[in-house]
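Subject: Structure handover and notes

Dear colleague,

Here is the structure I promised to pass on to you. Please load it first, and then read the notes that follow it.

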Amino acid sequence: MNTTGVVAAAVVPAAGRGERLGPGAPKALRELGGAPLLVHAVRALARSRAIGLVVVAAPADGVAEVVGLLDSHGLAGKDVRVVAGGATRQESVRLGLAAVPAGTEVVLVHDAARPLVPVEVVDAVAAAVRAGAEAVVPAVPLADTVKRVEPRPAGEPEPVLDTPERAALRAVQTPQGFRYDVLVEVHAKALAEEAAGMAPAVTDDAGLVEHYGGRVVVVPGHEEAFKVTRPLDLVLAEAVLARRRASDGF
């Protein structure tokens, strides 16, 4: 693999509703500092010189709206394409991946709900794939002790089964990076299994690679690459963005 001149593409699945943020617009279109979360996420990717193309998988009935949003926030000059996403995150990634040119060697997948990922994290993920890794995730150490429990209905006490060693655990973020051929292959396998009624129970693309026997490596993430899932996360994101704007004109 050419490790000096490879330019990566990025896929941003943004077709979900994000109900935990409450009623209203889809999560990716909720505003943060005057711009939708999606716009911040695409800007974060576009700042990296490693990224040559960003493909956004938008709600199927909102492609024109997303194109207009990106254009109105100064992204018209970037190589950004918008396609219709699917009913699930996995389907949206697959549809976005279909819009990536076949000659691409490195693909990153980034959550629209992680609007403040620093450019150095994007660069580090892309660089690790260029250096030979087939799948890369940024991650941070856990601050809290973690308990494995026996799930019970909501509101019922849950018995603790054990306490995993925290030093060996990481909280995974995005963008996750992949060799293009690896990501295409695992999505094709997952689609075939889904058609046979045996869809793999995974929550991200790195999980697909693991499921089919691939090797995933971790690079350092960043505390500001957190996911905006609940109203309190949005408050924190506003504070981080305000600090950035005050300190460096972000």
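Is Asp111 buried or exposed? Asp111 counts as buried, because its relative accessibility is 9%, where buried means under 20% relative accessible area, exposed over 50% and partly exposed in between, computed with a 1.4 Å probe on protein chains only.

Before the rest, a word on conventions. This is a predicted model, in which local features need pLDDT of at least 70 and side-chain atom pairs count only at pLDDT 80 or more, while totals for chains, interfaces and linings use all residues. Residues are numbered from 1 along each chain as its sequence is written, and side-chain values use heavy atoms, with hydrogens and water left out.

The chain as a whole

The secondary structure comes to seven helices and 12 strands, where helices (H or I, at least four residues) and strands (E, at least two) are DSSP runs numbered from the N terminus. The radius of gyration is 18 Å, close to the 18 Å that the globule rule gives for 250 residues, so the chain is as compact as a globular protein of that length; the radius is taken over C-alpha atoms, and the rule is 2.2 Å times the number of residues to the power 0.38. Along the principal axes, the C-alpha atoms fill a box of roughly 55 × 40 × 35 Å. Buried residues make up 45% of the 250 residues, and among contacts (heavy atoms within 4.5 Å) between residues at least 6 apart in sequence, 71% join residues at least 24 apart.

Strand β4 is mostly covered, with seven of its eight residues buried.

Helix α2

In helix α2 (residues 63–72), the buried residues are Val66, Leu69 and Leu70. Seen down the helix axis, these residues fall within an arc of 95°, so they line one face of α2; the arc is that of the directions from the helix axis to the C-beta atoms. As background, an α-helix has 3.6 residues a turn, so residues three or four places apart point the same way. The buried residues of α2 pack against β3 (35–36), α1 (37–46), β4 (51–58) and β5 (80–84), whereas Ala64 and Ser72, on the other side of α2, are exposed. The helix is followed by Gly74, whose phi is positive, near 80°.

Helices α3 and α5

Val93 lies in helix α3 (residues 89–97) and His187 in helix α5 (residues 180–195). Val93 counts as buried at 1% relative accessibility, and His187 is buried with a relative accessible area of 1%. The two are 94 residues apart in sequence and 8.7 Å apart in space, C-alpha to C-alpha. Leaving aside neighbours within four places in sequence, the contacts of Val93 include Val11, Pro13 and His187, and those of His187 include Gln90, Val93 and Leu208.

Charged residues

The structure holds 10 salt bridges, a salt bridge being a side-chain nitrogen of Lys or Arg within 4 Å of a carboxyl oxygen of Asp or Glu. One of them joins Arg89 and Asp111, with the closest N and O atoms 3.0 Å apart. This pair links distant parts of the chain, 22 residues apart, with Arg89 in helix α3 and Asp111 in the loop between β6 (106–109) and α4 (119–130). Arg89 is partly exposed, with a relative accessible area of 27%.

Another joins Arg148 and Asp162, with the closest N and O atoms 2.7 Å apart. Arg148 lies in strand β8 (residues 148–149) and Asp162 in strand β9 (residues 160–162), so the pair ties together parts that are 14 residues apart in sequence.

The side chains of Arg152 and Glu150 also meet in a salt bridge (2.9 Å, N to O). Elsewhere, salt bridges that share partners join Arg89, Asp111, Arg114 and Asp205 into one network.

Finally, Asp233, found in helix α7 (residues 231–248), is buried yet has no salt bridge, and the nearest side chain of opposite charge, Arg230, is 4.9 Å away; here Lys and Arg count as positive and Asp and Glu as negative, while His and the chain ends are not counted.

Best regards
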